[in-house]
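User: I would like to learn how to read a few features of a protein model. Could we take them one at a time?

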Amino acid sequence: MGKRIAATVRYRVAVACVCALVCLTGIARAGQILHVYTWSDYFAPEVIEAFEQAHDCRVSFDFFDSGEAAYAKLKAIGGGYDVITPQTYMVAILYKQGMAMALDHSLLPNLQYIDPEFPDYIEDSTLAYSVPYTRAVAGVGYNTTRVRPEDTGRWDIFANPAYAKRMTMLNDMRETLGAALKKLGYSLNTTDDDELRQAGDQLVAWKKNLAKFDVDEAKLGLHAGEFTAVHSYNGDIGLVMQDNPDIGFFVPEEGASFGVDVFVVDAASRSPELAHAFINHLLDPDMAAANMEYMRYYMPVPDAVAKLPAELRDSPAFQVPREVMRRSEVIRDLGADHGKYIREWNRVKAAE
């Protein structure tokens, strides 16, 4: 994706301070491995290197491309990771099924830096078993030289034959059915069978214009000119915009999904103290600022946001306007009604 932003002087000073502190506390055993299950491009390498150096450990990553895929794997293998970063609605499911550990706040002193209003957006508002990591909005990234301005601003861009087979939508059941529901004027958390059927029909119609459902390759294809418009997360498009001035981003006026990804410690973690230390490290304002400069996603750490360059703070793919937030919704855990979404998604995937 091009050259990443290098570590700043304040970052290097912060690293030195963190390293010194942990050398005194001795949280990790030498050579310990922390296993993290997450999205790709979600942590700044220099921030991870600082953690590894400070804790004399190694961080190993595995990646997922949807909440459902992550859940299916975790269910199948019975855990095996230490830290996971699912969407907030998926965390409620993990905790109810005994797959997420109750957190020890005494090991998370940097919780003090989280915006006190932010936990209201997530299911676990007391942070009993999850800690907010990032805020994201799923909108549309597009090539400003190939998409007409009058064709932007609404979900109907995916119905436009002018861009047929040069567009993608997220390979994520709740996000993509949610886009169709918002286009139709419904809640993306509806459990109404008829509304969901209409959303499925809408997606089947859009699918005729899509190259595929995808997450990671879509943003790369947009950057390279392979795709004209992609349904994607604002932070991912922000990375593309950083390297390609021809890329724009909009959140459709009908509204979209407002997502919160959170840190969870796997109930089967073999290194729970190190897992807590990892979460605490990411919440340090200097680390959070360096991390946001890399991944281009907003973290609810106001002291860190204040350290960011204006170019990032003012980007439409980073700082989501309040009016957009009001039109958008957080994806919620729907319990047994989750199966209704699986039914419609399978129908969409099977359609020609």
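**Reading rings, strands and buried residues**

Analyst: We can start with the rings: the structure, which is a predicted model, holds 20 aromatic pairs.

User: How is a pair of aromatic rings described?

Analyst: Two values are used, the distance of the centres and the angle of the planes. Here, Tyr-42 and Tyr-297 form an edge-to-face pair, with 5.9 Å centre to centre and 90° between the planes. This pair links distant parts of the chain, 255 residues apart. Tyr-42 is in the loop between strand 1 (32-38) and helix 2 (45-55), while Tyr-297 is in the loop between helix 10 (285-295) and helix 11 (302-305). Tyr-42 and Tyr-297 are both buried.

User: What kind of aromatic pair do Trp-155 and Phe-158 form?

Analyst: Trp-155 and Phe-158 are stacked, at 6.4 Å centre to centre and with 25° between the planes. Planes under 30 degrees apart count as stacked. Both Trp-155 and Phe-158 are buried.

User: Which residues form one aromatic cluster?

Analyst: The cluster is made of Tyr-42, Phe-43, Phe-51, Phe-61, Phe-63, Tyr-133, Phe-263, Phe-278 and Tyr-297.

User: Which residue lies over the face of Tyr-298?

Analyst: That residue is Arg-135, at 4.0 Å from the ring centre. In another case, Arg-174 lies over the face of Tyr-89, at 5.1 Å from the ring centre.

User: Now the strands. Where do the side chains of a regular strand point?

Analyst: They alternate between the two faces of the sheet. In strand 8 (residues 247-250), Ile-247 and Phe-249 are on one side, and Gly-248 and Phe-250 are on the other. These four residues are all buried, so both faces of the strand are covered.

User: How many bridges join strand 4 to strand 8?

Analyst: There are 4 bridges between strand 4 (residues 131-143) and strand 8, and the two strands run antiparallel. Gly-141 stands opposite Phe-249 of strand 8.

User: Which residues is Leu-94 in contact with, leaving aside its neighbours within four places in sequence?

Analyst: Leu-94 is in contact with Tyr-71, Leu-74, Pro-86, Met-99 and Ala-100.

Terms used
Residues are numbered from 1 along each chain as its sequence is written. This is a predicted model: local features need pLDDT of at least 70, side-chain atom pairs count only at pLDDT 80 or more; totals for chains, interfaces and linings use all residues. Side-chain values use heavy atoms; hydrogens and water are left out. Buried means under 20% relative accessible area, exposed over 50%, partly exposed in between (1.4 Å probe, protein chains only). Two strands pair if DSSP finds at least two bridges between them. Rings of Phe, Tyr and Trp (its six-membered ring) pair if their centres lie within 6.5 Å; planes under 30 degrees apart count as stacked, over 60 as edge-to-face and the rest as tilted. A charge sits over a ring if NZ of Lys or CZ of Arg is within 6 Å of the ring centre and within 35 degrees of the ring normal. Contact means heavy atoms within 4.5 Å.
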